[in-house]
Amino acid sequence: MSHAMKFSITIFLILGMLIIGLGKIGVSDDDKNLTTINVLDFGAVEDGNTDDSQAFLKAWETACGIKAGYVNLVIEEGKTFLLKPIKFEGPCQSPNIHIQLSGTLIAPKSINEWGGGQNLESWLIFYGINGLTVNGFGTINGQGSVWWQQVSTDHLSHPLDSLPGGNKGPDALSFIGCNNLMVDHLNFVNPPRRHVVIFNSNGVTIFNINIRAPETSPNTDGIDMSHSTNVQIHHCSIQTVNVGDDCIAIGPSSSYVNISNIACGPGHGISVGSLGLNGTDEVEEIQVRDCTFTRSQNGMRIKTWQGGSGYAKKITFQGITLIAAQNPIIIDQNYCPHNLCQHSMTSAVQLSDISFIGVKGTTTTKTAINLSCSESVGCTNILLDDINIKSVYSKDVSSSCIDAHGSSRAVIPPVNCLLN
């Protein structure tokens with residue numbers, strides 16, 4: 001074989017290997033097309049004292065603009081980043097954006113350093129991003145104590161913060177208009193107000209997160225959702241102690257929500273509501289299963305304001321364990337914190353198809369089952385089945401009803417007040 005022919009064959013083989021290699025690299029295969037961005041490459045100082053907000057925004061703008069199949073934005077383990085209020089906006093070019101939060105994010109220590117005064121809605125906002133995943137065993141620390149100190153004079157509470165003279169601190173982490181969202185393996189501590197907020201989103205999965213706030217923290221709900229559908233929350237530990245608030249709150253226009261394996265407490269339990277404060281609200285297809293309430297102020301709660309309209313229906317609480325929980329089962333259609341309501345309203349959110357099944361454990365309150373429905377519209381098709389709630393003090397417990405219609409089977413304490 002001539003040298004020219006050998007040279008030609010060699011060139012042909014090399015070109016063939018290059019073509020095959022490019023295919024393996026994934027130039028045209030999104031499953032193998034991964035781009036990694038590190039916030040340190042954009043000037044983040046990571047000393048916990050220097051404002052790293054601009055470095056994070058630059059890193060985000062770069063990550064969001066990449067057309068790769070997968071983009072990974074890295075926040076390294078063992079490093080602490082100070083961020084002022086920041087908004088990460090979409091839509092992004094990649095269908096899969098992953099934020100690997102392995103380090104710690106901290107908020108400013110004083111209100112003046114936040115830069116937005118007292119009118120801030122949230123500290124960290126993700127807006128209009130589809131296919132977003134946030135995880136990595138990192139910590140989000142809202143340093144909320146400077147905001148909590150205002151509660152006695154400024155009514156730092158929700159939903160009353162919208163009333164004249166009201167005031168609120170910002171939420172820690174908000175996802176707005178984020179579809180196909182996943183949040184997992186993260187730690188949340190000490191937000192000014194709520195830890196995690198889900199709004200106007202479809203296809204949300206949250207799991208394996210830990211939420212903590214001390215007894216001095218007002219209205220530090222664990223997870224709040226509204227105007228969202230197809231939400232899955234499971235295997236989370238949430239402690240919003242005493243004056244904290246709901247472990248999970250299911251707000252207006254929520255549907256097809258599945259919650260399971262939640263360790264809640266101390267805190268205010270898992271709530272549907274509050275509903276009806278600002279008019280018509282609609283909630284349906286809510287499943288809460290295999291959860292434990294430990295020393296919580298409430299267990300399973302549905303709360304609506306007087307004078308509202310709309311409905312909350314097809315709601316099931318099943319396989320629930322109570323450990324010294326107050327108010328284990330409560331429907332409150334006269335919800336009115338701070339007694340700022342008119343009590344002559346003739347309309348209410350309609351409650352129907354509400355089930356409490358397989359509830360076991362202990363309570364510290366005398367009334368274990370309280371079904372306080374609206375006297376104007378009542379509650380219909382309530383089911384209580386296989387329930388055994390006893391007092392931690394070896395005392396008798398009781399049930400109470402107002403205009404509640406439904407049926408019960410194997411329930412302790414008996415619910416003789418339930419209407420047919």
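User: In this predicted model, are C373 and C379 buried or exposed?
Analyst: Buried means under 20% relative accessible area. C373 falls in that class, and C379 does too. For both cysteines the answer is buried.

User: What is the handedness of the disulfide of C373 and C379?
Analyst: A disulfide joins C373 to C379, with S to S 2.0 Å. The torsion about their S-S bond is about -115°, so the link is left-handed.

User: How many disulfides does a search of the whole structure find?
Analyst: The pair C247 and C264 is joined by a disulfide. Another disulfide joins C401 to C417. A search of the whole structure gives a total of four.

User: How many residues apart in sequence are the parts tied together by C401 and C417?
Analyst: C401 lies in strand 28 (residues 398-402). C417 lies in the segment after strand 29 (404-412). The pair therefore ties together parts separated in sequence by 16 residues.

User: Is C417 buried or exposed, or partly exposed?
Analyst: Buried needs under 20% and exposed needs over 50%. C417 has a relative accessible area of 28%. That makes C417 partly exposed.

User: What is the distance from the sulfur of C291 to the closest cysteine sulfur?
Analyst: C291 counts as buried, at 1% relative accessibility. Its closest cysteine sulfur is in C264, too far for a bond. The distance is 8.2 Å.

Methods:
Residues are numbered from 1 along each chain as its sequence is written. This is a predicted model: local features need pLDDT of at least 70, side-chain atom pairs count only at pLDDT 80 or more; totals for chains, interfaces and linings use all residues. Side-chain values use heavy atoms; hydrogens and water are left out. A disulfide is a pair of cysteine sulfur atoms within 2.5 Å. Buried means under 20% relative accessible area, exposed over 50%, partly exposed in between (1.4 Å probe, protein chains only). Helices (H or I, at least four residues) and strands (E, at least two) are DSSP runs, numbered from the N terminus.
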